[in-house]
Amino acid sequence: MSLVSLYRVELGRLFFSRLVCAGVVLSGLTPFLGMIGNESSFGMSDEWIAAPVLTAATVSAMLWAVLMILEASRLHRSGVYLLTDAAASPRVLAVARMAAVMTVTAAVTVLCAVVYLPYTAVNMEYLFDPVFYVANYLIFMLPTVWISVLFADAFYQITRRVEMSVILYAALAYFNFSGYAQDDYFMRWLDPYVLTYSDGFQSWWFLRVGFYTRLLWLCLAFGLWIFSLLCVRKYEKNIAVSFVRGMRRVYLPVLAVCFAAAGAGLWKYQPFIDHETDAEANRMIDSPTTKASAIRYFLTAEPVTGRLSGRAEYDVKEPYTGEDKLYLNPGYRVSRMTYGGREISFRTVDDDNAGVRSTYFTIPEKKEGTLAVEFSGLPQLRKTHAAYIISAFIDWESIQLGMRSAVPLLNYACRDGAEVEVTIPGALTPYLNDLPMDEYTECENGMKTWKGRITEDAIYNFVAGVYETDTFTAADTNIHFVYGKAYEEAVEQYDVRQAVKDVFAYCSKHYGALGFTQDQTMRLQQVTAMLMGGQAREGYLEWFETVLSPMTLADADKGASATEVFIHEMIHQWWGGYGLECSQEDSEVWSEEGITVYATYRLVKEKYGELYAKQYYVDDWRKTVEMQERNFYNRHPEYLEHLPEKYRTQLSMENEGINWYDRMPLMILKAEKLVGGEERMDQIMQKMYADREDYRQIGFTYGDFLDYCGLSESDLELTPADYMTKEEDAGA
C-alpha cells in the first residue's frame, strides 16, 4: 500500500478509536485547567491566554505521548503486526501513523482555540486581540504536542518496549522541569517559558522566541524519530540486524543527521540571548579614544522582525592613534565603516560580556573627517538576566532600547550630545532620554521619522508606545500623566488621576515638597509589563503596566481600591532615588522599600480608614514575619551550611524581601508607638526628608533613623507580641 493510502486508513481508524476520542476530549479540557489553576498572573493576557495555552501545551503533550506509545505498540501487543508487515512496510506504516496523529493533534489545537475564543474575548473585553490569541495556540501548543509524540514514538521504535519508552520519556520530561532548565528558554522543550505578556502594549517577543525554540526542538525530535525508523524491526530480526538493514536506506541516516545538525545549529546560533564568554569583563573605561565634535544617529526599527538597523556618524576632530574600539549589543553586527567617505577595515570579536560585544577599527588618516558606522540586528538579552529582564525589544505597540542596544558607544566620544533620527510605526509616541520627541515627518509605509537631540553622546533610554497624555496639577506640581491608550477606560473608571493627586497632597503635607522636579514638572509614565518593574529619575517616574490593569484595579479581594501599588511607586519619589536614599551597611532590614511601604500604609489609612489599612497592611506584615520566624533554617542557621547553595540563595532572597517589605514597616510601626504616635513620627520623617542632602553621598542608615527617633536597636527588635494576633498570643 502507498503512503497516502495508509495515511487515510490510519486517520480514519484514529477518528473511530475510543482511546483517541478520549484523548481529544481530555486535551480539549486542558486550557480550562490553566484558567482555574493560574494564581500568579501579572495581567489579563497572562490569565486568559498565556496560562491556558501553556498548560494545554504541556498537559496535552504528555497525554498524547502516552497515546502515541499505546498506538505504536498496538499491533505488537495484539500480534497483528505479523499480518500488517506482510501487507505494508513497517517503516511506511510508522510514517503514516505519525502523520495521522499529527493531523489529529492539529485538529484538536484548532478546536481548542475556537471553543475558548468567545470565553476569552468576553473576559478580556477591549484588550482581546484574536490574532495574538490564535498565534499562541499555533506557536506553543501545536508544536509542543508534535515534539512530544515524535520523542515518544522514537523511544518505542528504538526499544519496542512500552515500559522502557515511558521511562525514557519521563526522564526527558524530568529534565525539562529540573532546576537546570528552569530559567532557560531553549531547554524547556515540554513546558515553554513565557515570563509575562503585556495587555496594553502587545509584544510578540515571547512568540518569536517560542517559535524559534519549537522549531529547534522539532528538528531534534524529527532527527531522533527518523533515526528510530532505522531501528524498526523487520523479518523478526533484533535491533542490531534491523538497524544494519535500515542503513541501506541511505536517505534515512542522512535526513536524521541533517535534522539533528539543524537543531544543534539553531541552539548554538540562537539570536535572542547573548553568547557570553569567560573573557575579561568588557567594560567601558575612560581611556584615550577618538573624539568627535558632533554625532548623528539614524535608526530604523523593524517591528515585524524586531530588528534595528542604523547608521552612526561621528565628526572626528581628534583621531585616536592606534586601534580603537566601539561597543554594541551582541545581537548587532557592523556591516560597514567609512572614514571621510572611504571604506576602512574593522573586526568584531565574539567576546560577549555584560551585554557588550566589541568592534575594533583603525582610522588610517590622522586628520579630521566623518566616521560612519552602519549596523543592524536583533537586540539580544544578557545571558544572566534573560529569564527575568527583557531590557530591549522592538514591537508594533512598544519599543524599549537603551545604551548599546540603541547605538554604538565610542567611549565618551563627544561631550556635546548628539542629533537623533528614529523611524518607528506611526501609531507610537516616542520619548528620548526621558523627554518627548515633538518633530516628525510622515513616511509612505505608515512609519514616522522623529527628530530630537540628546545632551549626552548615547541614548540611555528610548521608549515608544501607543500612549495618551493627561496634564494636570497636583500640590503645585505640573503632572504629565502618560499611559497606554488601551487603559483609557480604566483611568476614567477608577479615577487614577485622583490617586496621583492624593499622593502628592499627602506626601507634600507630611514630608515636604518634592525636591527634584524639573521646573516643578514631573512625567509619570506607564511602561510595558515585560520590563517587570519601574524606576525613578529626576522629573520622571516609570511604573509597571499592570498597576492600571482593569484586573488589578477591580480586584475586590484587595479592598475598596487596588491602586496602592501605583501609590507605592509614586511615594518612592520621596523615599528613594532622588529623595532620601538608604544605606544598608549597618542593617539587613533597612531599605527605602520599607519606608515606602510604611508611608503607603499611612496614606491608605488616612484615605480608606484604619480597618482597611490594618487588614491589608499590618495583618499581612505580621503573618509574613511570623512565617519567617517559624522557618526552621531561620531558627537554626547552623544547619544552613548543609543545604545546597541554590536553596541557601533562595532563602536569603526570601528573607531580604520579607525584611524590606514586611519586617521593616512593622518595626517603623513599633517606633511610631514608642515615639508618641503618628504625629510625632510624621515630624521625624519630615526632618529626615529635609536633611536628605546631608546624606546624599553616604546614604541614610538604620543608625541614623534610630538617632532621629531617640531609640536604640534593641527597642525595635520584634517580639511575638509584635507580629502575632491576640488569638495567636492566647493560644501560645
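**View 1. Glu163 and its salt-bridge partner, Arg161.** Glu163 is partly exposed, with a relative accessible area of 36%. The labels work like this: buried means under 20% relative accessible area, exposed over 50%, and partly exposed in between (1.4 Å probe, protein chains only). Arg161 and Glu163 form a salt bridge, with their closest N and O atoms 2.2 Å apart. A salt bridge here is a side-chain nitrogen of Lys or Arg within 4 Å of a carboxyl oxygen of Asp or Glu. Arg161 counts as partly exposed too, at 46% relative accessibility. Keep in mind that this is a predicted model, where local features need pLDDT of at least 70, side-chain atom pairs count only at pLDDT 80 or more, and totals for chains, interfaces and linings use all residues. Residues are numbered from 1 along each chain as its sequence is written, and side-chain values use heavy atoms, leaving out hydrogens and water.

**View 2. Asp350 meets Arg333.** These two side chains join in a salt bridge (3.8 Å, N to O). Asp350 sits in strand S6 (residues 346-353) and Arg333 in strand S4 (residues 332-339), so the pair ties together parts that are 17 residues apart in sequence. Helices (H or I, at least four residues) and strands (E, at least two) are DSSP runs, numbered from the N terminus. Asp350 is exposed, at 53% relative accessible area, while Arg333 is partly exposed at 39%.

**View 3. Arg663 and Glu629.** Here's another salt bridge, 2.6 Å from N to O. The pair links distant parts of the chain, with Arg663 in helix H18 (residues 645-675) and Glu629 in helix H16 (residues 610-630), 34 residues apart. Arg663 counts as buried at 12% relative accessibility, whereas Glu629 is partly exposed at 29%.

View 4. Search the whole structure and you get 32 salt bridges.

**View 5. Ser228, tucked into helix H8.** Ser228 belongs to helix H8 (residues 205-229). Ser228 counts as buried because its relative accessibility is 0%. Leaving aside residues up to four places away in sequence, Ser228 touches Ala154, Gln157 and Ile158; contact means heavy atoms within 4.5 Å.
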